[in-house]
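Dear colleague,

I am handing over the structure we spoke about, and I would be grateful if you could look through it with the notes below beside you.

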Amino acid sequence: MKPYFLPSLTFAVFLWQCASAFASGNDPWAQSYKLEQGGLYAQAAAVLDPLVARQPPHEFALLRHAWLNYLQGSHNEAVHKYTAALKVNPRSLDARLGLTLPLLAQQRWGEAAYHAKQVLAVSPWDYLANVRLMICEEGERKWEDLAKHAAEVALRYPADATVLVYLARAEAWLGHAGKAKTAYLQVLERIPGHVEATNFLKRNP
Amino acid sequence: MRPRICALSMMFVAIVGTDALGAEDWTLSLTPAFSYGRYQGSPTRESVTGGRLFLDAQYFERAGLTVGGDYANVNGKPGYPDIAQYASFLSGRASYVPDAVPARIGLRMDLHAVDNNDATNGTDQVRVLASRLSVSDLGGTVRMDVGYASSRFGRSATQPGNLEVRQWTPTAGFGLNGEQWLQLRGYFIISSNPVRSQGRDGTSALEVKWTYRPERKSDALLENVQLAFLLGERIYAVDGDSAAVYNLADLQTGAIALSTGWRVGRSTSILLGAGWEKYKTALARENVSYTSLYGFLALAGEW
């Protein structure tokens, strides 16, 4: 393979993405989705810049900009844009849930937990908010809180394995091997061969 | 003093933002503490009694403010007067996670004001501005920081010249296995006036702290155990961890301290500790070594 083959291919893909975006006409939304599909997150955000910059700002453009910044790893810009979207619409659960993503990525557990709890205040059994709050509780090593919380959520989502994994982890950290084992066995019923559950049960037969 | 406080508050507002005014966004804690120590071999001091009250406000992981005050009374040996000392403390801190590197960058600025009725005036009117820049990984396994403190002391009635002290404290901290933390801190202290610094224009010391924080089990009350010791020599040190200024005009030549924290409620804990410190001082052209043995009790309530 020639040394310049890979850059040429990458450039060709880029041109194809741009061409597709152009083919989608002047619709910035269609362009943005196409560019996102191709992994060109910065360009996908850039086509929405005029909508973000206008006054008053376009709420959905802000949300998409925030999401695309999060995908790029520009977490501070993502926080900034989600916060701006929240100012436009303070009742937006999308903005609050979105805001938790870059905060979790930066391990700002307290702040992410605050926004997850704000969502739960109006929608107590919102699945995403509950799981993201559990991530915060795990990050802050609040095992008692996590065990209690995960047990409550597992009652509401009995088919879900993720919540049971958090429950099992918390019980294991609390030294309750029996309870952890029960939860991991339930995980294996939902996801046979689940690596974490299998490893725990091997160590705790 | 006023411009510094103003700069501190501007930095705080810039980091936290003006929207951070909701009471539920803040975690507040109040920490009253009491201490008692006895000197052994000191020609001038018998014992010391102290109390302090600190109020801390933390805004998520972004920033925090601490204000506090403490009072200490040093009981002199017969023929030496007691010294009553008041110290006030104001500290601001902020942290930031840049996108470029998976690390948390922290900046902290402290102001200390220490006043007492020391008859020589040598340890009175102490003003300290201290800052610290830190970098830690997001996983909390490594932390490096560098601190700088600048201290000014009042004019002594018995010794000539002004006294200004500069201190550098490079620090490295490592998580050992998730439950243990080892911190090494160097103290490099430069005095502008050796006459008022036991003949030293510079001292250096190494402080080693080992902390054990067991993972919280449902029935466990122990929150942490800390063992610390100091090697080398230091004088007029500023200890950012304990928010203390060692304004005593004696050379500290060693220390060891042990403390334990216990959970007594969901948001209340007690810290119990004891320590031993060794000092050297020149008195009537003779070097005298003495030690101090102390204990302390602190109660921390969070809401």
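In which helix is the place of Ala85(A)? Before the answer, please keep in mind that this is a predicted model. Ala85(A) sits in helix H6 of chain A, which covers residues 75–88. With a relative accessibility of 0%, Ala85(A) counts as buried, because the limit for that class is under 20%. When neighbours within four places in sequence are left aside, the residues in contact with Ala85(A) are Glu59(A), Leu62(A), Leu63(A) and Ala95(A). Of these, Ala95(A) is ten residues apart from Ala85(A) in sequence, and the two C-alpha atoms are 6.2 Å apart in space.

Ala85(A) also belongs to the contact between two helices. The axes of H6(A) and of helix H5 of chain A, residues 59–72, come within 8 Å and cross at roughly 160 degrees; since an angle over 145 degrees is counted as roughly antiparallel, the pair is therefore described in that way. The crossing of H5(A) and H6(A) is left-handed. On the side of H5(A), the residues that meet H6(A) include Glu59(A), Leu62(A), Leu63(A) and Trp67(A), while those on the side of H6(A) include Ala78(A), Lys81(A), Tyr82(A), Ala85(A) and Val88(A). Sorted by class, this contact comprises ten nonpolar, three polar and three charged residues.

Among the residues making the contact are Leu164(A), Val165(A), Ala168(A) and Arg169(A) of H11(A), together with Ala180(A), Ala183(A), Tyr184(A) and Val187(A) of H12(A). The residues of this contact divide into ten nonpolar, one polar and four charged.

Finally, I would draw your attention to Asn130(A), which lies in helix H9 of chain A, residues 127–139. Its relative accessibility is 2%, so Asn130(A) counts as buried. The side chain of Asn130(A) is joined to that of His149(A) by a polar contact of 2.7 Å. Apart from neighbours within four places in sequence, Asn130(A) is in contact with Leu120(A), Pro124(A), Trp125(A), His149(A) and Val153(A).

Notes
Residues numbered from 1 in each chain as written. Chains lettered and ligands numbered in written order. Predicted model: local features only at pLDDT ≥ 70, side-chain atom pairs only at ≥ 80, totals over all residues. Heavy atoms only, no water. Contact = heavy atoms within 4.5 Å. Helix = DSSP H or I, 4+ residues; strand = E, 2+ residues; numbered from the N terminus. Nonpolar A, V, L, I, M, F, W, Y, C, P; charged D, E, K, R; others polar. Buried < 20%, exposed > 50% of the residue type's maximum accessible area, 1.4 Å probe, protein only. Polar contact = N/O pair within 3.5 Å; in protein donor to acceptor, adjacent residues only side chain to side chain. Axes fitted to C-alpha atoms, helices over the stretch in contact; angles between N-to-C directions. Parallel < 35°, antiparallel > 145°, perpendicular 65-115°, else oblique. Left-handed = near helix turned anticlockwise from the far one by under 90°.
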